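Work through the exercises below with the sequence and the model in view. Try each task before reading its solution.

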Amino acid sequence: MKAKRTSGYSEEVARIYVPEDTDIVLLSTKPEPRVKWENHKPTDEITSYRVLCGMPDNYFYVKLDKKVKLPPFKSNIKFKHLQACEVDNNVWFKAEDIQEV
């Protein structure tokens, strides 16, 4: 029997992969727009933005629902309400905002 797991984004899952005391560095210079796809083609509709971040031993993308002003490149940052979701062998992150530490 398979173990029952909760689905969706949660702050608890995010803390497993990015503990609160971890140094995170911003590796993006501007938020990257993500567009809606229809019939296997991109549309002009922006659905979200993402930024690339780095930790001492890994890097990851974080989805943002709105365009935010980013701190300078390679700044130490923290997220407002960082959440993660596990899908198969992938982990997806999202947050409300980013701020420089």
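A salt bridge is a side-chain nitrogen of Lys or Arg within 4 Å of a carboxyl oxygen of Asp or Glu. The model is predicted: local features need pLDDT of at least 70 and side-chain atom pairs count only at pLDDT 80 or more, while totals for chains, interfaces and linings use all residues. Residues are numbered from 1 along each chain as its sequence is written, and side-chain values use heavy atoms, with hydrogens and water left out.

**Exercise 1. Salt bridges**

Task: Find how many salt bridges a search of the whole structure gives, and describe the network that links Glu12, Arg15 and Glu20.

Solution: 
- Step 1. The search returns seven salt bridges.
- Step 2. Arg15 pairs with Glu12 at 3.7 Å, N to O. The two are three residues apart in helix 1 (residues 11-17), so about one helical turn separates them. Helices (H or I, at least four residues) and strands (E, at least two) are DSSP runs, numbered from the N terminus.
- Step 3. Arg15 also meets Glu20, at 4.0 Å, N to O.
- Step 4. Buried means under 20% relative accessible area, exposed over 50%, and partly exposed in between (1.4 Å probe, protein chains only). Arg15, with 36%, is partly exposed, whereas Glu20, with 69%, is exposed.

**Exercise 2. A bridge between strands**

Task: State which strands hold Arg50 and Glu32.

Solution: 
- Step 1. The side chains of Arg50 and Glu32 form a salt bridge of 3.3 Å, N to O. Arg50 belongs to strand 3 (residues 41-55) and Glu32 to strand 2, so the pair ties together parts that are 18 residues apart in sequence.
- Step 2. Arg50 is partly exposed at 21%, and Glu32 is partly exposed at 31%.

**Exercise 3. The setting of Pro31**

Task: Locate Pro31 and list its contacts beyond its sequence neighbours.

Solution: 
- Step 1. Pro31 sits in the loop between strand 1 (24-26) and strand 2 (32-38). Its relative accessible area is 11%, so Pro31 is buried.
- Step 2. Contact means heavy atoms within 4.5 Å. With neighbours within four places in sequence set aside, Pro31 is in contact with Tyr49, Arg50, Val51, Lys67, Val68 and Leu70.
- Step 3. Lys66 is 35 residues from Pro31 along the chain, and their C-alpha atoms are 9.4 Å apart.

**Exercise 4. Cysteines**

Solution: 
- Step 1. Cys53 is buried at 0% relative accessibility, and Cys85 is buried at 11%.

**Exercise 5. The nonpolar core**

Task: Name the residues that touch the most other members of the largest nonpolar core.

Solution: 
- Step 1. A nonpolar core is a set of buried Ala, Val, Leu, Ile, Met, Phe, Trp, Tyr and Cys residues joined through side-chain atoms within 4.5 Å.
- Step 2. The largest such core has 20 residues, of which Ile24, Val51, Cys53, Phe60, Val62, Phe79 and Leu82 touch the most other members.
- Step 3. At least two residues of this core come from each of helix 1, strand 1, strand 3, strand 4 (58-64), strand 5 (76-80) and strand 7 (90-95).
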